[in-house]
Amino acid sequence: MRGEWNSEQAISAQNLTLSYSGIQILRGIDVALPAGQTLALLGPSGCGKTTLLRLVAGLLAPTTGDISINGQMVAGPGVFVPPEKRQLGMVFQDYALWPHLTVAGNVAFPLEMAGIGRAEREARVTAALDRVGLGAMAARSPAALSGGQQQRVAIARAIVGEPRIVLFDEPLSNLDRELRETMVAELGALIRGLGLTAIYVTHDQSEALTLADQVAVMEAGQIAQLATPEHLVEQPASPKVAEFLRLGAILRLVRDAQGWSCAGRALGPLGGPEVALADVLVTPRALRVTEIGQAALTGEVLAAQFRDTGYTVTVRLDGAAEPGRAIRTVQISSDTRMRTGERIGLQILPERLRWFPARADVPM
Amino acid sequence: MRGEWNSEQAISAQNLTLSYSGIQILRGIDVALPAGQTLALLGPSGCGKTTLLRLVAGLLAPTTGDISINGQMVAGPGVFVPPEKRQLGMVFQDYALWPHLTVAGNVAFPLEMAGIGRAEREARVTAALDRVGLGAMAARSPAALSGGQQQRVAIARAIVGEPRIVLFDEPLSNLDRELRETMVAELGALIRGLGLTAIYVTHDQSEALTLADQVAVMEAGQIAQLATPEHLVEQPASPKVAEFLRLGAILRLVRDAQGWSCAGRALGPLGGPEVALADVLVTPRALRVTEIGQAALTGEVLAAQFRDTGYTVTVRLDGAAEPGRAIRTVQISSDTRMRTGERIGLQILPERLRWFPARADVPM
Amino acid sequence: MARSVETVSPSVIIAAVGLGLVVAVPFLFIVLQAIFPELGRGSLTAPFSAFAGALGDAKLIGMTGNTLLLGVLVVVLSALIAIPLAVARALFRVPGAIVWDVLFLIPFMIPPYIAVLGWIMTLQPRGYLEQLAGFNLTGFLFSVPGIVFIMTLNSFPVVYFAVSRTLETVGSRYADVARVFGASPMRAFWRVTLPLSTPGLAASLLLVFAMAIEEYGTPAALGSRAGFDVLVTAIDLRVSDWPIDLPGAAILSLVLVALSFGAFMLQRWVLSRRSYEATTGKPQGTAKRDLGPWKWPVLLTFGLVAFVATGLPLLAILAGALSRTISGGLVWSNLGPDNFAAILGDTTGALRALGTSLSLGVAAALVTGLLGALSAYAVVKSRARGRGVLDVLTILPNALPGIVVAVGLILAWNQPWLPVTPYNTALILLLAYCCILLPQPVRYATAAFHQIGDNLEAAARVFGASPLTAFRRILLPLIAPSLLAAMLLVFAVATRELVASVVVAPVGVSTISTYIWRQFEQGSVGLGMAMAFLTILITTALPLIVLSLMGRRGSLL
Amino acid sequence: DVTVYTAGPEKLIADLAAGFTAETGIKVEFFQATTGKVMARIEAEAANPVVDVLISASWDTATDFAERGWLVPYTSPNAAMVPDFLKTDTAVAQGVAALAIAWNPNSGTPRPAEWADLAKPEYKDLVNLPDPAQSGSAFELVAALSADGDMSMFESLAANGAIVAGANADALNPVLQGAKAAVFGAVDYISLNGKAKGESIEVIFPSSGTVIAPRPVMIMEWSDNQDEAKAFVDYMLSDAGQAIVAKQNLMPARTDVAADRPLIGDLKILPIDAATVYGKRAETLESFAKTFGK
Ligand SMILES: Nc1ncnc2c1ncn2[C@@H]1O[C@H](COP(=O)(O)OP(=O)(O)OP(=O)(O)O)[C@@H](O)[C@H]1O
Ligand SMILES: Nc1ncnc2c1ncn2[C@@H]1O[C@H](COP(=O)(O)OP(=O)(O)OP(=O)(O)O)[C@@H](O)[C@H]1O
Ligand SMILES: [Mg+2]
Ligand SMILES: [Mg+2]
């Protein structure tokens with residue numbers, strides 16, 4: 001099923017919209033994904049990620065706009081190429097396993113459709129099942145599997161045919177972390193090894209940032225930002241994106257003669273734009289724990305949670321919470337466990353701040 | 001539905017086993033969960049977490065062993081209390097929403113069964129749906145919801161009746177991170193606020209460690225360790241648990257006159273047990289980046305990924321990979337992005353190591 | 001949804017063409033016959049002139065009321081008998097499940113006029129019951145409750161099969177979830193399991209309603225004595241003696257069709273209000289439960305129903321077959337295998353009829369099964385425009401009396417300008433059976449499709465299956481339990497269909513039913529009963545084989 | 001080949017066809033059903049008819065078809081001995097059935113001799129009548145016995161608990177089993193056949209008279225096989241053909257053919273003026289139905 005790549009876009013969509021019975025689910029989606037690249041779709045629940053995948057797969061036809069795959073228009077005004085002609089693989093969010101087929105039968109299906117002979121088919125099914133750690137369960141009915149095992153069958157089925165384009169809809173959501181990391185590595189190797197093009201919906205940013213060449217952050221049916229992972233982390237397009245990516249706290253700062261201040265506390269000259277009011281993204285890396293006396297910001301430890309490689313400490317900043325706004329909290333990482341209630345000082349590293357023009361109408 | 005708590009165990013199980021058609025799925029499970037506490041179940045895919053929940057819920061009867069709820073035996077030799085008499089709520093891994101009822105109908109069901117009048121029912125359904133952010137979708141059919149929205153309906157249904165015991169089977173797996181954190185906070189507040197007892201299956205350790213009073217790590221149908229989150233993180237019972245929790249790298253060290261050495265590199269006297277061979281857990285916090293010249297360990301940066309509060313850097317340690325074993329890698333956290341391929345030195349902080357007696361028969 | 005650009009699936013095209021051929025063509029001619037009384041002679045004069053006469057009948061309203069009453073009563077009683085059995089069969093391990101299925105299929109194999117005759121000969125004064133037990137139930141037999149009772153015995157299996165197959169798909173999982181949330185087993189059943197089986201229930205009740213308002217034999221034999229006239233009696237009167245009133249019969253049939261159309265709209269409304277997709281992409285085990293202490297009560301119930309619905313009529317038929325004379329009664333000297341010997345003596349005629357009927361039965365089951373599945377797919381799953389029309393087409397023949405269908409077929413296929421025609425070949429019988437029986441597979445398959453989540457087909461398409469392949473490999477196996485049950489019903493009914501067979505059978509061809517019926521006509525009741533008994537034994541073999549094969553594959557047990 | 005549609009017994013047409021083919025080598029295809037079904041088929045086929053010879057069970061069809069001009073005039077040379085009232089230009093009787101009282105001697109009732117006997121208390125609730133709406137000959141009997149609209153005989157029958165029980169076979173069967181004692185107006189040959197098989201049944205022709213149901217044979221005007229059709233009609237009226245008719249316990253149409261049963265000459269036949277009787281068919285049926293409370 002592998003074919004020649006051309007240097008064109010493997011998947012591109014122009015100005016896609018989709019409505020279900022009058023309700024607009026997707027609006028003005030533009031995507032262009034070069035062959036061999038992986039696009040991660042991030043976005044809140046219900047924002048339209050699955051819908052976008054279904055459009056690409058040909059399970060839905062767009063209300064307006066068009067979609068091309070490998071330079072050929074597959075959906076658009078008067079054009080609709082059915083799913084089976086689009087040569088994709090897909091992991092469905094609800095797995096979509098066929099209950100009447102065995103695990104092996106489910107995985108073998110795409111190969112059968114591609115007309116691959118029995119011997120090769122069996123070998124490839126076994127290989128795909130081994131890849132997801134289910135080699136021993138080939139003969140079982142999918143109903144006799146655990147949730148995570150079912151999800152892995154869905155993954156095996158999507159990749160067994162080595163289609164040029166694979167759509168992953170939260171493919172690892174029900175796997176334990178160890179397995180998830182193994183599978184991310186496996187999938188990454190596969191995608192790169194075969195030069196596959198992939199769209200990968202996930203709620204796990206580390207997965208997204210690990211696998212993806214580009215990340216699209218969706219919000220309410222639109223793409224809020226489409227960028228490389230580095231770019232996204234370093235330069236989120238909006239406070240919303242930064243918040244969604246949990247990059248850090250957004251503080252609203254006011255400039256006066258002495259420099260910036262936050263909720264009444266002077267922070268000094270931090271650089272930043274020449275405006276009276278600005279939102280600033282304070283990532284944990286932009287803060288350093290320091291002595292209370294010298295600190296620009298002080299606060300109280302709300303919680304310290306062990307995560308990955310150290311403790312994530314949540315600190316409530318001192319200063320009156322502005323009416324109608326959430327209490328300002330920031331997170332920092334620490335390799336010692338801090339006590340809840342402990343008071344600490346924080347120093348801001350100005351070069352690690354990211355500024356956004358404040359929009360007075362949008363309370364942060 | 002809320003009742004008086006007694007100080008007894010809300011849920012306890014002795015020596016539970018369960019077999020499906022001859023295959024042992026669960027073996028020798030002992031759990032005791034005091035009222036008002038939350039037990040997190042962690043474990044690899046297919047290890048039997050869902051099965052354990054089904055036993056507690058009364059959807060399965062144990063092959064041997066017994067289960068008590070609030071001091072009353074609900075399953076055991078000759079005893080079986082049906083699910084409806086156990087007064088629980090449950091979020092099913094596959095949601096198990098009733099397709100023929102609307103979202104509101106699904107959520108209202110437990111209240112109806114409890115005989116709660118229409119007016120109160122409607123108010124509580126609305127409140128529960130608002131809690132999970134689906135207030136606007138009450139009249140929809142669950143089939144017209146996105147995956148994450150369906151999952152939230154399942155959560156609303158489980159908590160709406162405020163049952164004394166709630167079983168959560170990966171309740172947040174399909175939610176985006178922002179929502180997940182909100183929901184964890186919501187659920188935590190609810191559980192603590194009402195003094196609920198909960199068993200919470202998750203693959204997300206931060207969720208487990210945030211919510212749980214106790215964490216059970218399961219492995220292949222058994223409980224490998226049952227402890228408080230702190231205890232678990234600080235003192236994993238076995239290298240396997242440590243690995244599963246991704247606490248760090250497990251290195252096999254050999255002791256000689258000079259102290260310990262790893263793969264031929266002398267590390268000096270690190271303390272540790274007086275044995276010739278030991279496995280040691282090296283958490284990221286037990287390592288500090290230092291100059292290559294002075295470093296006990298050196299290695300090459302394999303990857304640097306942005307996670308949560310900083311970069312997680314994966315380092316391949318120098319030294320011949322022992323035959324049959326994976327290349328030794330360790331992870332450290334860094335607040336600057338390191339370049340892949342960069343060579344760095346690492347210093348070990350002996351007081352942060354955790355030692356296990358090496359079992360020669362188990363190659364690490 | 002914006003799907004207009006997608007090309008219409010071949011399944012939909014096949015379904016449309018098939019339905020057109022099998023249903024629309026004869027129906028069109030029935031309508032034309034109703035409008036143009038002289039249609040048979042190829043003349044379109046005097047349109048609508050027959051309406052006043054047919055609809056002006058003073059008794060029409062009463063008969064329509066009786067028809068409705070009969071339909072509703074049979075539906076209710078069928079549901080009451082069938083649903084508990086279906087629940088036990090679907091959710092629990094009932095010992096001998098296949099045997100019960102076959103036993104419940106047999107009532108369809110007994111030609112209704114024989115079944116009624118069997119009942120009359122059993123329950124009337126000096127009938128078998130009185131000869132054996134000393135009392136008779138003639139008062140009950142010739143009353144509305146008696147009619148309803150006997151018609152229910154012939155139709156409850158439709159509900160039993162549909163609901164048990166639907167419930168099998170639903171499984172006990174959703175009810176278990178309800179129980180976790182505090183529902184007692186009964187409430188879980190009423191609130192979750194039963195509503196989830198609505199597709200099968202609604203479909204089969206619709207079928208039973210249509211069958212009940214369309215059936216002629218029982219109301220004619222029993223109702224006339226109870227003064228209970230229904231529309232079919234009136235239709236049959238119009239075609240039973242000279243002068244024949246075909247337009248009148250056609251018009252009254254359209255009234256029947258209108259009644260069943262109303263029931264159909266009700267069913268559609270019920271099904272479209274909610275989703276019943278119990279088969280999702282995350283399969284869950286649905287092991288059947290043990291009956292535990294309920295084993296014997298349940299078996300007793302199955303046994304009782306099977307005895308009354310199948311055993312008694314069969315025994316009555318056997319008694320008739322073994323009696324040398326009817327007037328001789330059940331005494332040893334009057335009993336003997338003479339009638340069986342006579343059938344075996346006329347093996348050629350009987351065997352030919354048997355062969356014709358069995359092959360037509362199998363062919364009708366296959367054709368209606370395939371066409372039914374495709375039509376149901378087009379209606380439930382496709383987004384093709386005009387699928388509502390297809391749905392309506394599948395319901396039209398439901399309430400048409402067999403004789404009217406037969407007339408429609410002749411009108412349609414005996415046109416002089418047709419270059420080729422199935423008329424006067426055995427094919428016309430096949431067309432007639434398909435037209436009359438198509439509603440069964442369509443309704444069953446429709447119900448089954450309502451239970452299947454859309455993503456299962458979508459996944460097949462994404463992985464390279466053409467619409468037809470996805471249909472064959474994914475959807476067809478998933479609806480197979482329901483579809484096969486419906487095909488067995490079709491087989492059973494087609495092997496004994498009489499009314500249409502008598503009228504459209506090509507000259508020189510006889511089927512089992514026409515064979516039996518001709519024996520009756522000559523007064524050889526015993527001979528007919530013997531033939532009926534033998535053919536039931538033989539036709540039972542096929543369902544038995546099919547069911548046990550499926551049982552072995554695990555999809556039914 | 002000739003295609004024959006017949007409303008007569010299957011055995012009769014089968015034997016006739018076999019005999020005819022044996023004699024002439026011409027094959028006979030036949031379609032056999034009740035009068036209604038045969039006529040429905042002919043009506044429906046009218047645009048493109050296939051039938052050559054029609055044997056009806058009701059003389060009325062012969063009259064009606066002749067009026068429509070669907071029949072070919074033909075007088076068979078073998079019809080010479082058929083009485084005039086059993087033949088016209090276009091139709092000739094093949095055989096004749098009569099209506100009678102079919103009585104079960106085991107019923108514990110006295111042997112009835114007359115129609116009116118069945119209204120006696122001995123037969124209370126024990127009499128069946130075939131439905132005149134479904135059977136042409138039963139209708140003629142009702143018409144003949146209710147001359148000038150006098151329904152009194154049927155009123156007394158109804159008062160005595162007699163019931164209308166479907167078509168012919170439906171009426172006879174309960175009598176055989178003993179649920180009823182007699183059929184008022186049974187088709188004679190069916191009962192005679194039963195008797196021959198050992199059923200406990202007696203066929204009684206009331207001396208006050210009864211009606212007959214001649215079975216007309218007609219050759220259709222559209223037939224492409226006129227000669228063969230005529231040959232078939234000839235055969236039916238030949239000695240051999242009439243013997244086959246007699247074997248079915250029907251009265252042969254030819255008066256010179258013997259049969260093992262009462263013949264036309266032995267019966268008193270009630271006069272029927274077809275035109276008037278059928279002209280009032282609806283009213284007669286209506287008042288009959290009213291009499292029996294339907
Ligand atoms: N019907 C069955 N027959 C045989 N084995 C089964 C059956 N159902 C489940 N299993 C096996 O039981 C084991 C435990 O399943 P369970 O669903 O409890 O796992 P789990 O811990 O919840 O996994 P996951 O995280 O993937 O949901 C699995 O290995 C599964 O394959
Ligand atoms: N049949 C439908 N009718 C109306 N609205 C629908 C239907 N199906 C989905 N939606 C809505 O469309 C929106 C987008 O759904 P989609 O499944 O694409 O979300 P998603 O981004 O995949 O979310 P998740 O992360 O929860 O899976 C949701 O708000 C959902 O409620
Ligand atoms: Mg989704
Ligand atoms: Mg699970």
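Biologist: How much area do chain C and chain D bury between them, and how much of it is on carbon and sulfur atoms?

Modeller: In this predicted model, chain C and chain D bury about 4700 Å² between them, with 52% of it on carbon and sulfur atoms; buried area here is the accessible area, taken with a 1.4 Å probe, that two parts lose on being put together, summed over both.

Biologist: Which elements of chain C give two or more residues to that side?

Modeller: Those elements are α5 (112–123), α6 (128–133), α19 (402–413), α24 (499–504) and α25 (512–521) of chain C, where helices are DSSP runs of H or I with at least four residues, strands are runs of E with at least two, and both are numbered from the N terminus.

Biologist: And what is the make-up of that side by class?

Modeller: The side of chain C that touches chain D has 28 nonpolar, 16 polar and seven charged residues, counting Ala, Val, Leu, Ile, Met, Phe, Trp, Tyr, Cys and Pro as nonpolar, Asp, Glu, Lys and Arg as charged, and the others, Gly among them, as polar.

Biologist: How many salt bridges and polar contacts are there between C and D?

Modeller: The count of salt bridges between chain C and chain D is zero, a salt bridge being a side-chain nitrogen of Lys or Arg within 4 Å of a carboxyl oxygen of Asp or Glu.

Biologist: Which chains share the most contacts?

Modeller: Of the four pairs of chains in contact, chains C and D share the most, and their contact takes 51 residues from chain C and 55 residues from chain D, with contact meaning heavy atoms within 4.5 Å. Chain A and chain D have no contact, and their closest C-alpha atoms lie 47 Å apart, while chain B and chain D do not touch either, with nearest C-alpha atoms 48 Å apart.

Biologist: Switching to chain A, what domains does it have?

Modeller: The domain assignment, which is automatic or from a database, gives domain 1 (9–240) and domain 2 (248–352) of chain A, with 39 Å between their centres, taken over C-alpha atoms. Their contact takes four residues from domain 1 of chain A and five residues from domain 2 of chain A, and the two domains bury about 300 Å² between them.

Biologist: What does UniProt list for chain A and chain C?

Modeller: An unreviewed UniProt entry places "domain: ABC transporter" at residues 11–245 of chain A, and "domain: ABC transmembrane type-1", also from an unreviewed entry, is listed at residues 64–267 and 354–546 of chain C; such annotations may be inferred rather than shown by experiment. Residues 11–245 of chain A are 36% helix and 28% strand, whereas residues 64–267 of chain C are 80% helix and 0% strand.

Biologist: Before I go, how are things numbered, and what was counted?

Modeller: Residues are numbered from 1 along each chain as its sequence is written, with chains lettered from A and ligands numbered from 1 in the order in which they are written. Local features need pLDDT of at least 70, side-chain atom pairs count only at pLDDT 80 or more, and totals for chains, interfaces and linings use all residues, while side-chain values use heavy atoms, leaving out hydrogens and water.
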